[in-house]
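Open the model in your viewer and keep the selection tool at hand. The tour below goes from stop to stop, saying what to select and what is there.

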Amino acid sequence: MTIEQSIAFYEQQAKFGVKLGLDTVRDLLRRLGDPQKNMPYLHIAGTNGKGSTAAFLSTILIEAGYHVGLYTSPALERFNERIQINNVPISDDAIIRNTARVQQAVEEMKKDGANLPSQFELETALAFLCFQEAEVDMVVLEVGMGGRLDATNIIEKPWVSLICSISLDHTKYLGNTLSAIAGEKAGIIKSGCPVVLYSQEKEVEETVEAVAERRNAPICKPDFSSIRVQSTSLNGQRFTWTDAEGKTWPISLSMMGDYQMPNAIMALSAITLLRKNGKIALDDDVILRGLQKTAWKGRFEKVLDSPLTILDGAHNPGGARLFAQSVKDFLGDRQLVMVLGILADKEIDKMLDLFLPLAKHVVTLTPDNPRAMPASELAEEIRQRGREATPCESLEEAWSAAKNYCTTQNSAVVFVGSLYMIGHVRTYLKHEGE
């Protein structure tokens, strides 16, 4: 089996769509010897910020000398990125070797007439096998969608559960109110296991807190109001944060984006909680170095200096709101050329309300996903709002159009929207810059 054949095995399951529930993944993992058992987990749910928070956690733990598994989705550029050991994507050989085991289990399920796993369930099983094989000390595990019925929720008792920012997304599967979605996300809370909750809308907090109370799970809610920004630039940001015990942390991040400050505090709060509970041992300076060293691709990431080019995977209204604030704070009075690609099942009206006031010129592109809104349709939506938009058939055409609109030294290009677009853009532009 080649790596291409291995990846095709997972991707061919995409045609069967999303399947929420734990019975099938439980059956699959049982046939694989339950590789998910006997590993400590830091489990992360939320609508926005999961990936960045996971990256902060992983990097801090690596800095402390731990052997860390990281599972996130989706991959931006290569399939391997979804499963990492010490922030290094898993090797092709590891994927091939463990995919053979997953395939064998699926064949057994077919013979037995059992329900067959979805793409995400198969990939989650692969991740557990890779982490078991690598003998990691702990796993930072990001929920795929929702929480209660997500395949990652097959784990029994995590060391800590983190619930990040929640907004309306995947409403077809999770519900069309914030409280309904929060209830699904809170499904990762296990009896007696501590929870770190992102400070946000009251109805979200009340829903999560009610679940935590029923499950006797102690909850920590960091106060972001004590953030004091010291400096921001295209190379990162510096700020202080005072925790509940009155301790002030001087934090430097190499990443841009206002939203990375609370994400960093979520990770810091979880790490200090684990330290207090005796789960890990590390000093404050290790935590601060880990925060500073953390990088996360495609989240308000500068990829080129000339023209200044930023990538951001703001793919729902919550992400768009955070992106808009970061544009104001980090790009100031620059004239923005926005290349926009969105999936058709997103709340496009709300996203355009946030995106369009930021841009002088808009170029549209079709993300590489079956659910994508075609560039021509997105451009028409924008024109109906009284704005011009240039639809492009290819990334090369969109990049050329964007550069042509950069008529001054004060211009900048921002690619924003679906992560399925951002990944392809990043690969292309990184190659362009070589």
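**Stop 1: the cysteines**

Select Cys-193 first: at a relative accessible area of 5%, this residue is buried. The model is a predicted one. Now show the cysteine sulfurs. Which cysteine sulfur is closest to that of Cys-193? The sulfur of Cys-220 is, at 15 Å, and that is too far for a bond. A disulfide is a covalent bond between the sulfur atoms of two cysteines. The structure holds zero of them.

Move to Cys-406, which is in no disulfide either. The nearest cysteine sulfur belongs to Cys-392 and is 13 Å away. Cys-406 counts as buried because its relative accessible area is 18%, and the cut-off for buried is under 20%.

**Stop 2: Gln-200**

Next, select Gln-200 in the loop that runs between β7 (195–197) and α8 (202–214).

Display the side chain of Gln-200 and the backbone of Cys-164. A polar atom of that side chain lies 3.2 Å from the backbone oxygen of Cys-164.

**Stop 3: the nonpolar cores**

Now go to the largest nonpolar core, which has 43 residues. Select Leu-57, Leu-61, Ile-280 and Leu-291, the residues with the most contacts inside this core. Then colour helix α9 (residues 260–276), which supplies ten residues, the largest share of the core.

Stay with Leu-291 and show what it touches. Not counting residues up to four places away in sequence, the list is Phe-56, Ile-60, Ile-251, Ser-252, Leu-253, Ala-264 and Leu-268.

Another core, of 37 residues, lies apart from the largest one.

**Stop 4: Asp-283**

For the last stop, pick Asp-283 in the loop between α9 and α10 (284–293). Asp-283 is exposed, as its relative accessible area is 52%; the cut-off for exposed is over 50%.

Notes:
Residues are numbered from 1 along each chain as its sequence is written. This is a predicted model: local features need pLDDT of at least 70, side-chain atom pairs count only at pLDDT 80 or more; totals for chains, interfaces and linings use all residues. Side-chain values use heavy atoms; hydrogens and water are left out. Helices (H or I, at least four residues) and strands (E, at least two) are DSSP runs, numbered from the N terminus. A polar contact is a pair of N or O atoms within 3.5 Å; within protein, one must be able to donate a hydrogen and the other to accept it, and residues adjacent in sequence count only if both atoms are side-chain atoms. A nonpolar core is a set of buried Ala, Val, Leu, Ile, Met, Phe, Trp, Tyr and Cys residues joined through side-chain atoms within 4.5 Å. Buried means under 20% relative accessible area, exposed over 50%, partly exposed in between (1.4 Å probe, protein chains only). Contact means heavy atoms within 4.5 Å. A disulfide is a pair of cysteine sulfur atoms within 2.5 Å.
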